[in-house]
Amino acid sequence: MTEILSALAAGFSGALSLSNLGWAFLGVTLGTAVGVLPGIGPALTVAVLLPVTFSLDPTSAFIMFGGIYYGAMYGGSTTSILLNTPGETGSIATAIDGYMMARQGRGAAALTTAAVGSFVAGTLATMALTFFAPLLASVALRFGPAEYFALMIVAFTTVSALLGQSLVRGLLSLFLGLALGLVGIDPLTGEARFAFGIPQLLDGIDVVILVIGLFAVGETVYQAWQYGREPVEVVRLHDFTGMSREEWKRSWKPWLRGTAIGFPLGVLPCGGTVIPTFLSYMTEKRLSDTPERFGQGAIEGVAGPEAANNAAAAGVLVPLLTLGLPSSATAAIMLAAFQQYGLQPGPLLFSSRPDLVWTLIASLYIGNVMLLVLNLPLAGVWARVMLVPRPLLFGGILVLASLGAYTLNRSMLDLALLYVVGGVGCAMRVYDFPLVPAVLGLVLGPLAEQHFRRAVAISEGDLSVFLTRPISAVLLVAALLVLLGPRVMRRVSVANSNAQSPMPNAQ
Amino acid sequence: MLALLLVASPAAAQPAYEHLRLVAPAAPGGGWDQTARAMQQVLQRAGIARTISVENIPGAAGLIGLARFIGAEHGSGDAAMVSGLIMLGAIVTQRSAVTLGDVTPIARLTGEYEVLTVPVSSPFRTLDDFIRAFKARPESISWGGGSAGGSDQILAGLIADRVGVDPRRVNYIAFSGGGESLSAILGGQVSVGINGLAEFAAQIEAGAVRVLGISSAERLPGLDVSTLREQGIDIEFENWRAVVAPPGLTPADRRRLERAIEAMVRSEPWRETLERYRWIDRYLAGAAFARFIETEEARVQDILAKLGTGRTGERTLASAGPYPLIVLGGLVFCAVAVVFRRARRSRTPDRGTRNPGLAPVQRSGWRSVALVAAGAGLDLVLAESAGFVIASAVLFWFVARAFDHRRPVRDALFAVAVSTGAYLLFGRILDLPLPAGVLSGWL
């Protein structure tokens, strides 16, 4: 413990030079700015900035990368909350209640809880990274295909069962996403499925298209349709002062719970930050005394997922630094950046280049503080976006959405898909189907299928592998409870009241 | 050769290219992207090109990039693309319409050897142990490696073929990328790992995995690992990467690129790059490289046919067969359930309170939606012909009109300002590829 602390202190002394603070600030600013854009994720940002850092010494370069990484993770939440346009999958959960809050004029409070929550979670998770990285990495290795499949089933069932007004509507949305996920090359055999001979479809439908289409374009079409029906512009009270005492009280527990959920799940390579953010959202809804406020602008629904998102982002660094395993696209680029400087992350990195590793970890702390300093005063400023007249706001959103969709692969097909998905998204809103299960189905569906088939192939076709491996068995039972639990409880309580009424003195 | 060098050396003083465009037909982070970015760095530093841009066109193991490169760059003297063995595998498995025969081969650059690894706790101490178990019950051995039809699976098939096991019986578990398969090997989820050396080098040095064999012809200096060949499996195999040029090049343009690449591989920075990434120098140019592609294509075709990738016709749970049926079945089932419930609810009197969105639709609502749809349609038509700025301004104006039709002039001004601003910010400053269209001379 003491040696870790002294190593960390040495790391801080390396990172806390004026020029390095400058690089950290630059990284955080660039990362936030680019994270705001839908479709341009942290991976592309780091890749584009890689050549810029050729001339820097490795310490400064990593400090900048750390800033970009956390900054991009945070930047996505701003557009989710204000424009209902999640830039990447990790901020979808934030959009559900954050956007409702913004529409009620409490955008500044939502942005503040996101900023403080990200800071709390980022700092706690970086601490966990500091002290438990090797231990966590060895636990993560116990997860094989069967366990990952079970984990994804948990994500599917919780989201479809708890979001939206009925299970079957949630499931329909989920299966829609799963069906879209079938398109493209089957990664286990290399065979193309449902691509209809169109080469752009060989890699499947990009999830960013679905997210921007369903949320941003769908929202625009829906609002246009609504507006046509009720042309009165509703003037709302706006409050740019940040969070009230009551909101602080409601936020701090979700921050901590989000961190506890996000960090360990971030260590596992399972589709990035999607699962942790949604599990955090569901947990908050479950634990709340007033679950009906969720989806109507509950601050807990912003605080929890935002914390989980940032904690998971720190968790991703655990396998990268200790095992050399990149478990997200951004981590893969960071790995390339390490190699650029002749470093091979892996079991030997902590002993071969401790100076660099500890400087990187120290710079993550610094980056977190900088993010807070940068974003807290800006929350009120950004929230004023809601005052822009609606015609101009939605015109701008569509221009931004089309730009993000086109630059993704420079493909007109993506742009066309974006508008089709937008129409579908509007229809789903009108007929009251939840949007999120569809996105989850598209992101996790192909992964779940692959893990299932890998597990079955390894066990030579024996399906019992999902129940004989303890972690996977526990997860599957949990999924079953989520799916059937509420119904069984209702039956039991109905049966109890029936049983009790004729014989009140049976006990 | 001497003449080439003599011509190449003055090129270092005067850059051969003002601007060279490199295409990496993959997402950032992978081997092709690394190769392209390393080339960018070295060519610039050696003064062979003044500026170089790298463009990522990811998708379908490089096939999207290949198709676009052939289509869009025909005859361009200042463009080149990174390619390699994995693209050859994808061409074969996807029965691609475009092949490496459609581009101008320039040179093979690097090679990466493959290693067979097992976790330290594995019962297999040597390659012999492993091969014996594999021959006894082929399906019980799971081979973890990279994507299907890629170099890892090709080598697994070659090994099976060489030891007398039908390659179809190789229980190959494809993971996406070296990272995922590495964690499966470290965690003991698969029996054996088959991967590129570079991805595993750190684990091998740390003693976290045991190496059963390496696919090089000779033992590598500084790595105490015996080759497959010296253990009785006569295979030499590498995952090679190369650079190709567009079709329809003039002989002068072709020579210029060949010389630039030759000067690059002879430079000191390139040697340092090879060392850093643990790539092996496999420079091979001209007609010899063209012949090499032909023999490799035949070898890949042969082994992939034996492996039976692509359509297998098998319908086990591990194959692709049943999964789409499950998903589509679930979709239909849920849709029927929703329709059924609605039909039942519509017969009960208290309907309508739960779904506020289902109130009678007024015509004015549809007018707004039609305006948005018109804007989207015009955007699709105009984006590549008239350019981003015009298309986006039209889109903005239509959408704004959908919300408020009273101030067309204000909306038009904002439409022009927003789309021009977005183009300048993202297209010019951040250098994202946006179509400039008819205004390209103005902006």
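Predicted model: local features only at pLDDT ≥ 70, side-chain atom pairs only at ≥ 80, totals over all residues.
Which residues does B:Arg410 touch, not counting residues up to four places away in sequence? B:Arg410 touches A:Pro389, A:Pro391 and A:Leu392. The arginine is found in helix H15 of chain B, residues 408-429. With a relative accessibility of 17%, B:Arg410 counts as buried, because buried means under 20%.

**Stop 1: two helices of chain A**

Now select residues 390-409 and 412-430 of chain A, which are helices H16 and H17. Their axes come within 7 Å and cross at roughly 145 degrees. The crossing of H16(A) past H17(A) is right-handed. To see the contact, show side chains on both helices. H16(A) contributes A:Ala401, A:Ser402, A:Ala405, A:Tyr406, A:Leu408 and A:Asn409. From H17(A) come A:Met412, A:Asp414, A:Leu415, A:Leu418 and A:Tyr419. By type, these contact residues divide into eight nonpolar, two polar and one charged.

Move on to A:Asp432, in the loop between H17 and helix H18 (436-458) of chain A. Most residues other than glycine have a negative phi. A:Asp432 is not a glycine, yet has a positive phi of about 65 degrees. This aspartate counts as partly exposed, at 30% relative accessibility.

**Stop 2: the nonpolar cores**

In soluble globular proteins, nonpolar side chains tend to be buried together. The largest nonpolar core here has 182 residues. Select A:Leu214, A:Phe263, A:Phe278, A:Leu418 and A:Leu444, which touch the most other members of that core.

Centre the view on A:Phe278. Leaving out residues up to four places away in sequence, A:Phe278 touches A:Ile92, A:Ala93, A:Ile96, A:Val159, A:Val436 and A:Leu440. A second, separate core holds 89 residues, including B:Ala80, B:Leu127, B:Val163 and B:Leu307.

**Stop 3**

Side chains of opposite charge can pair when their charged atoms come close. How many salt bridges does the structure hold over all chains? The total is 28 salt bridges.

Select A:Arg106 and A:Glu247. They form a salt bridge, with the closest N and O atoms 3.1 Å apart. The partners come from distant parts of the chain, 141 residues apart. A:Arg106 sits in the loop between helix H5 (92-103) and helix H6 (107-140), while A:Glu247 belongs to helix H10, residues 245-267. Is A:Glu247 buried or exposed? A:Glu247 is buried, with a relative accessible area of 7%.

Next, select A:Glu246, A:Arg250, A:Arg293 and A:Glu300. These four residues are linked in a network of salt bridges.

**Stop 4: chain B**

Switch to chain B, which has 15 helices and ten strands. Of its 443 residues, 53% count as buried. Among contacts in chain B with a separation of 6 or more, 74% are between residues 24 or more positions apart.

Select helix H3 of chain B, residues 63-72. Its buried residues are B:Leu63, B:Ile64, B:Gly65, B:Leu66, B:Phe69 and B:Ile70. Show their neighbours: the buried residues of H3(B) pack against strand S1 (17-24), strand S3 (79-84), helix H4 (85-93) and strand S9 (238-245) of chain B.

B:Arg21 is partly exposed, with a relative accessible area of 25%. B:Asp78 also counts as partly exposed, at 25% relative accessibility.

For a salt bridge within one helix, select B:Glu258 and B:Arg254. Their side chains meet at 3.3 Å, N to O. The two are separated by about one helical turn, because they are four residues apart in helix H9 of chain B. B:Arg254 counts as partly exposed, at 31% relative accessibility.

Finish at B:Ser267, in the loop between helix H9 (251-265) and helix H10 (268-277) of chain B. This serine counts as buried, at 12% relative accessibility. Apart from neighbours within four places in sequence, B:Ser267 is in contact with B:Val42 and B:Ala46.

Definitions and conventions: Residues numbered from 1 in each chain as written. Chains lettered and ligands numbered in written order. Heavy atoms only, no water. Buried < 20%, exposed > 50% of the residue type's maximum accessible area, 1.4 Å probe, protein only. Contact = heavy atoms within 4.5 Å. Axes fitted to C-alpha atoms, helices over the stretch in contact; angles between N-to-C directions. Left-handed = near helix turned anticlockwise from the far one by under 90°. Nonpolar A, V, L, I, M, F, W, Y, C, P; charged D, E, K, R; others polar. Core = buried A, V, L, I, M, F, W, Y, C linked by side-chain atoms within 4.5 Å.
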